[in-house]
Amino acid sequence: MVDLNALAVFARVVEAGSFTGGAKALGLPKGSVSRKISTLEADLGVRLLHRTTRKLSLTEVGRAYYEQCRRGLVELEAANRLVGESRAAPMGILRISAPIEFGSGVLGDWVELYLRRHDQAKVELVLSDRRVDLIEERIDLAFRTGKLQDSSFIARKIGPTRRVICASPDYLRRRGQPGCLSALQDHDAIVHGTSVEGAQWRLRGPKGDVTASLKARAAGDSMGFVRRAALSGLGIALLPEAIAAVEIKAGRLKPVLQDYATEGQGIYAVYPSSRQLSSAVRAFLDIVVEQTDPEAPWRLGE
């Protein structure tokens, strides 16, 4: 089996016109270069070079062999460049998993920016509030909130998130703005859960952790339902900041009792490994960092 490195050494020696010149160009000792050529000739069973004290020249078969080697090395360099470019420029499908409402918020903006920047890139979004198995469902990058389970995956915090109290302008016009936490009991609440009975919000306020008892009018185990119910004016809701910020900035919701919110948790980008990270995941993470530094776009202030 011919050593491909020896082919490169042979070609460089021929181009330099001497063992000394070839060794200098390759950054190798002259003796090592000479041995490489001798080994190559032995493996091929032919003499490639005429050696004299003053001159180095190609044999007839050596000249033909050099021309073939040169073309092969040029094609190999082109192949290496192609691989390098594919690593540098995202190509192919990037599969991303996220909670449903997060996927319809800032994540959608990030996907749009990623696709605009990279013409050869494609994205598949797996939006679900269930815990998606990254390996089983071939997920390249996932966004998760709250406390993460221990795993072998890499988790990178991209920003804090809380749940904030908010309601539609229409609801507040009809029912008024609650002036204190206890006034929530005089209002209709939309709660995230499976029952309206015994509904409570555990919040953090100026004096620490408190519990607010509620008069829940509707309950749903989908945050999408809670958001839609709040937008339609059915009551006051406690929404993730990343969801509420979009609606508040658009004027569709208004913050309520801004001194109170849930204890801050985190939003994390989760991926299998930081080693040999694909160009697609790396490029998308670059956008995430760019868009959340110095502050995540969903932050409403403490």
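Predicted model: local features only at pLDDT ≥ 70, side-chain atom pairs only at ≥ 80, totals over all residues.

Q: What share of the contacts in the protein chain with a separation of 6 or more comes from residues 24 or more positions apart?
A: Contact here means heavy atoms within 4.5 Å. Counting those with a separation of 6 or more, residues 24 or more positions apart account for 72%.

Q: How many helices and strands does the protein chain have?
A: Both come from DSSP runs, numbered from the N terminus: helices are H or I with at least four residues, strands are E with at least two. On that basis the protein chain has 10 helices and 14 strands.

Q: Why is the protein chain called more spread out than a compact globule?
A: The radius of gyration is taken over C-alpha atoms, and the globule rule is 2.2 Å times the number of residues to the power 0.38. For 302 residues that rule gives 19 Å, so the chain counts as more spread out than a compact globule, its own radius of gyration being well over that at 32 Å. Along the principal axes, the C-alpha atoms fill a box of roughly 105 × 35 × 30 Å.

Q: What percentage of the residues count as buried?
A: Buried means under 20% relative accessible area, exposed over 50%, and partly exposed in between (1.4 Å probe, protein chains only). Of the 302 residues in the protein chain, the buried share is 40%.

Q: How many aromatic pairs are there, and at what centre-to-centre distance do Phe10 and Tyr65 sit?
A: Rings of Phe, Tyr and Trp (its six-membered ring) pair if their centres lie within 6.5 Å; planes under 30 degrees apart are stacked, over 60 edge-to-face, and the rest tilted. The structure holds 5 such pairs. Phe10 and Tyr65 form a tilted one, with 45 degrees between the planes and a centre-to-centre distance of 5.9 Å.

Q: Which helices does the Phe10 and Tyr65 pair link?
A: Phe10 is buried, with a relative accessible area of 0%. The two residues are 55 apart in the chain, so to speak distant parts, and the helices are H1 (residues 4-16) for Phe10 and H4 (residues 60-88) for Tyr65.

Q: How far apart are the closest N and O atoms of Glu241 and Arg162?
A: A salt bridge is a side-chain nitrogen of Lys or Arg within 4 Å of a carboxyl oxygen of Asp or Glu, and the whole structure has 12 of them. Glu241 is in helix H9 (residues 241-249), while Arg162 is in the loop between strand E6 (154-161) and strand E7 (163-167), 79 residues away. Both are buried, and their closest N and O atoms are apart by 2.9 Å.

Q: Glu67 and Arg70 both lie in which helix?
A: Their side chains meet in a salt bridge (3.1 Å, N to O). Glu67 is partly exposed at 30% relative accessibility, and Arg70 is partly exposed at 34%. They are 3 residues apart, about one turn, in helix H4.

Q: Is Leu257 buried or exposed?
A: Most residues other than glycine have a negative phi. Leu257 has a positive one, near 45 degrees, and is found in the loop between strand E13 (254-255) and strand E14 (265-271). At 11% relative accessibility, Leu257 counts as buried.

Definitions and conventions: Residues numbered from 1 in each chain as written. Heavy atoms only, no water.
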